[in-house]
Amino acid sequence: QHWRRWLTTYCRRLRSQEDRSLLIEALDTNQVLQKTIRLSGGGFLRQGARLVSPAYVGDTLELGGFENMALNTEFVLCKAEGLQHGKPVFQSRNKEFMLSSAITQQGKVWIVSPDEKFQQTKNQGSPEGLPLKRYGALLVSPVDAQLLEAPQLNWQELTESGKWIMNKNAGLVKIRRPALPLQVRVMPPTAPSIIDYSDSYVQAMESPLVVWAT
């Protein structure tokens, strides 16, 4: 069944970061394109097509240098959460932490908080400013930090004693992006339905009997 599903797919090549950005923007949480996009090489990815591989085409953000080793981890784009204060939301690989934008009196910052706390407080500002304890923040970036290039250091960390410390070597240490050109495989919206293997086996066995009976 998996092989037959694979045969219904086709490939396209992403040649530029713009191609990749267009694809990321067009995908919904189920990896289905919500609009048709034209690639720089002249090809199209049609609305309704489903991305089969690779499973993830976005940036992978790696945080490091913190005393809490659990926070030295990778974050990937979380499309299900949409935008937070106009910025994308990222989720740790183990789904325990969220990396999101927050508003303070000094300006916008990035914070890392437990997933449960993020769900309780998302889309709220923080009139009290730093530190952002009431929002469950465990890490806070410098004001107006951008997550477009690495490294972005000098982040603050909430220690077990409840104090904030700044580490000049801690923060966003690396961004991994898929190498270009990148070949993607998609399933078109008009792909034939998949027949269960047991049904096709029965049909294969019964068909000769029908022919001989006639």
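1. In this predicted model, helix 2 provides the largest share of the lining of the largest pocket, namely 5 residues. Together with strand 8 (87-88), helix 2 belongs to the elements that each supply at least two residues of that lining. The volume of the largest pocket is about 440 Å³, and 20 residues line it, with Asp59, Leu77, Pro88, Phe90 and Leu148 lying nearest its centre. Sorted by class, the lining of the largest pocket holds 10 nonpolar, 6 charged and 4 polar residues.

2. The second largest pocket has a volume of about 380 Å³. Its lining is made up of 19 residues, and those closest to its centre are Gln31, Tyr56, Leu77, Cys78 and Lys79. Strand 6 and strand 9 are the elements that give two or more residues to this lining, which divides by class into 10 nonpolar, 5 polar and 4 charged residues. A reader comparing the two pockets may wish to look at Leu77, which is listed among the residues nearest the centre of the largest pocket and also among those closest to the centre of the second largest pocket.

3. Turning to charged pairs, the count of salt bridges in the model comes to 6. One of them joins the side chains of Lys35 and Glu25, with a distance of 3.5 Å from N to O. Because Glu25 belongs to helix 2 (17-26) while Lys35 sits in the loop between helix 2 and strand 2 (37-38), the pair ties together parts that are 10 residues apart in sequence. Lys35 has a relative accessibility of 36% and therefore counts as partly exposed.

4. A further salt bridge is formed by Glu62 and Arg176, whose closest N and O atoms are 3.2 Å apart. This pair links distant parts of the chain, since Glu62 lies in strand 5 (residues 60-64) and Arg176 in strand 15 (residues 171-176), 114 residues apart. Both partners are partly exposed, Glu62 with a relative accessible area of 24% and Arg176 with one of 33%.

5. The side chains of Glu74 and Arg93 also meet in a salt bridge, at 3.3 Å from N to O. Here again distant parts of the chain are linked, with Glu74 in strand 6 (residues 74-77) and Arg93 in the loop between strand 9 (90-92) and strand 10 (97-103), 19 residues apart. Glu74 is partly exposed at a relative accessible area of 23%, and Arg93, at 49% relative accessibility, is likewise partly exposed. Through salt bridges that share partners, Glu62, Glu74, Arg93 and Arg176 are joined into one network.

Key:
Residues numbered from 1 in each chain as written. Predicted model: local features only at pLDDT ≥ 70, side-chain atom pairs only at ≥ 80, totals over all residues. Heavy atoms only, no water. Salt bridge = Lys/Arg side-chain N within 4 Å of Asp/Glu carboxyl O. Helix = DSSP H or I, 4+ residues; strand = E, 2+ residues; numbered from the N terminus. Buried < 20%, exposed > 50% of the residue type's maximum accessible area, 1.4 Å probe, protein only. 1 Å grid on protein atoms, 1.4 Å probe; cavity = no way out; pocket = protein on both sides within 12 Å on 5 of 7 lines; lining within 4 Å. Points joined across faces, edges and corners; volume = space filled by probe spheres on them. Nonpolar A, V, L, I, M, F, W, Y, C, P; charged D, E, K, R; others polar.
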